[in-house]
Amino acid sequence: MAGPDPALPDSFTPSSSSVYSDQFGFYSLDRNVPGLSKVILDKLNMKDYKDYRAALEGKGKVGFRSYKEMFQNLEDTFKFCACCSKLPSSLPDPKALKRCIKCLNVYYCSKDCQRKDWSLHKKFCKTLHKVSIDRLVEWLVHTGDLPFPTEVWSRPAKDVRCWDDWVSMQGDLTPRLEPIMCGKNMTDLWTNGCRPRPEEAELRESVWRMCSEFFSRPLTVGLGIQMTSLDPYSRPLTVHLVGAGHNETLGARVTDMDELSRMFPGHQGLEVVMVGPEVIQGPIMRPPLRAFGPRGRVYISAYKDLYHQFWEEVVEKGEAAKPDLVVGFHPGFEGQEVNQDWLATLLLLRDYNIPTLFTMINEAELQSSLQIFLELEMHVKDSGSNPFSSLKPEQLPKSPNKSPIRSCFYL
């Protein structure tokens, strides 16, 4: 059983009953690395958690004087001993904290800590090296350099069963990758990124992983459409992304799901509504459709609230179409219990018999979710490996020497 939440700075007062998952993330950080949450806020030039939430919601700004300061402050939030969890401020000499020269990702405060941790770290060192590159290359998504433009599908969706099939339809990627590799933003990134520019092959692989992270979402939605035997050619379809948050909506554009139009060319119209309490303000924050727009187009909208409240306040009043499919990306069901907000949503999905696809980050989450669904008497039709899982490994900041996570499974 988890212990009590750690004591946090006076200016940091998130509630443990909040709907915001990042609050739990901050608690987890401090539980594993005492003081790290405050370091993150300081490096973002924020006084407290309210500033952090305001920035995410578009009501405040993160102020940096230069790209170099931005990347340096980002790197500073990863500076703690991976063995004993000490921060630089806890050491007699803060400069004693040294980075692993192989992965360039985790830090140690002494040779003793590094030796003690090596038997564990060596299992993940190579993968964490990729993480260290991806962490910086991700900036190119926000500058608009990534993802690269894609081609019209030359094969029917049912015949595209994995990433290899999808890549085979894209043809020669060189003309699309070269402007990214040689562009000003890539140059600025490694001029200011606090580490040497990787070899070109490593950098290309990182660019591809970042693109897979982006395209994984529409391809997984398309997978759900096929698995539930929905026909986008016979009628318009509505998909609700339940529990949408930072990953789906930070910097989101109204074109982010256009790969669905290449997946189902000539479809009757697809609407994707992103719903969640952590939806970020932006171009997609517009009302859901009551009637469908032009054929062959994908319309993205968003609603900031819990899903069952969205249902009661919008769907039941006829202000939005009922979903043909609900998709949830790594909702984070852990253990044998689910919090009350998710429970209300799961019961709604069950009672209205709505086809739903969830992705899970690992086998353990898949199994615990299966158990939860069975106890709720939900009908589980299928589960397995997601063939369009993001290829970008995600490091758990609070636990650097654990296997990086991805949305590897579906349920």
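How far is the sulfur of Cys 100 from the closest cysteine sulfur, and which residue holds that sulfur? The distance is 3.8 Å, and the partner is Cys 103. That is too far for a bond, because a disulfide needs two cysteine sulfur atoms within 2.5 Å. The model is predicted.

**Cysteines**

- A disulfide is a covalent bond between the sulfur atoms of two cysteines.
- The count of disulfides in this model is zero.
- Cys 113 takes part in no disulfide. The nearest cysteine sulfur to it belongs to Cys 109, 3.8 Å away.
- Cys 100 is buried, at a relative accessible area of 3%.
- Cys 113 is also buried, at 9% relative accessibility. The cut-off for buried is under 20%.

**Second largest pocket**

- The second largest pocket holds about 520 Å³ of space.
- Its lining consists of 21 residues. Nearest the centre of the pocket lie Ile 354, Pro 355, Thr 356, His 379 and Lys 381.
- Which element gives the largest share of the lining? Strand 7 does, with three residues.
- By residue class, the lining has twelve nonpolar, five polar and four charged residues.

**Strand 7 and its partners**

- Strand 7 has five residues, and four of them are buried. The strand is therefore largely enclosed by the rest of the structure.
- Strand 6 (residues 325-328) pairs with strand 7 in the parallel sense, over three bridges.
- Across from Phe 358 of strand 7 stands Gly 328.
- Strand 9 (residues 409-410) runs antiparallel to strand 7, and two bridges join them.
- Met 360 stands opposite Phe 409 of strand 9.
- In a regular strand, side chains alternate between the two faces of the sheet.

**Cis peptide bond**

- Where is the cis peptide bond that has an omega of about 5°? It joins Leu 146 and Pro 147.
- Pro 147 sits in a loop, with helix 7 (139-142) on one side and helix 8 (163-168) on the other.

- Asn 353 is not a glycine, yet its phi is positive, about 55°.
- The loop between helix 15 and strand 7 contains Asn 353.
- Is Asn 353 buried or exposed? Asn 353 counts as exposed, at 65% relative accessibility.
- Glu 377 is another residue other than glycine with a positive phi, near 60°.
- Glu 377 belongs to the loop that links helix 16 (363-375) and strand 8 (384-385).
- Glu 377 is exposed, with a relative accessible area of 67%. The cut-off for exposed is over 50%.

**Glu 394**

- Glu 394 is found in the loop between strand 8 and strand 9.
- Glu 394 is partly exposed, at 28% relative accessibility.
- How many residues along the chain lie between the positions of Glu 394 and Ala 201, counted as their separation? They are 193 residues apart. Their C-alpha atoms are separated by 20 Å.

Key. Residues are numbered from 1 along each chain as its sequence is written. This is a predicted model: local features need pLDDT of at least 70, side-chain atom pairs count only at pLDDT 80 or more; totals for chains, interfaces and linings use all residues. Side-chain values use heavy atoms; hydrogens and water are left out. Buried means under 20% relative accessible area, exposed over 50%, partly exposed in between (1.4 Å probe, protein chains only). On a 1 Å grid over the protein atoms alone, a cavity is a set of points where a 1.4 Å probe fits but cannot get out, and a pocket is an open set with protein on both sides within 12 Å along at least five of seven lines; lining residues have an atom within 4 Å of a point. Grid points are joined across faces, edges and corners, and a volume is the space filled by probe spheres set on the points. Helices (H or I, at least four residues) and strands (E, at least two) are DSSP runs, numbered from the N terminus. Ala, Val, Leu, Ile, Met, Phe, Trp, Tyr, Cys and Pro count as nonpolar, Asp, Glu, Lys and Arg as charged, and the others, Gly among them, as polar. Two strands pair if DSSP finds at least two bridges between them.
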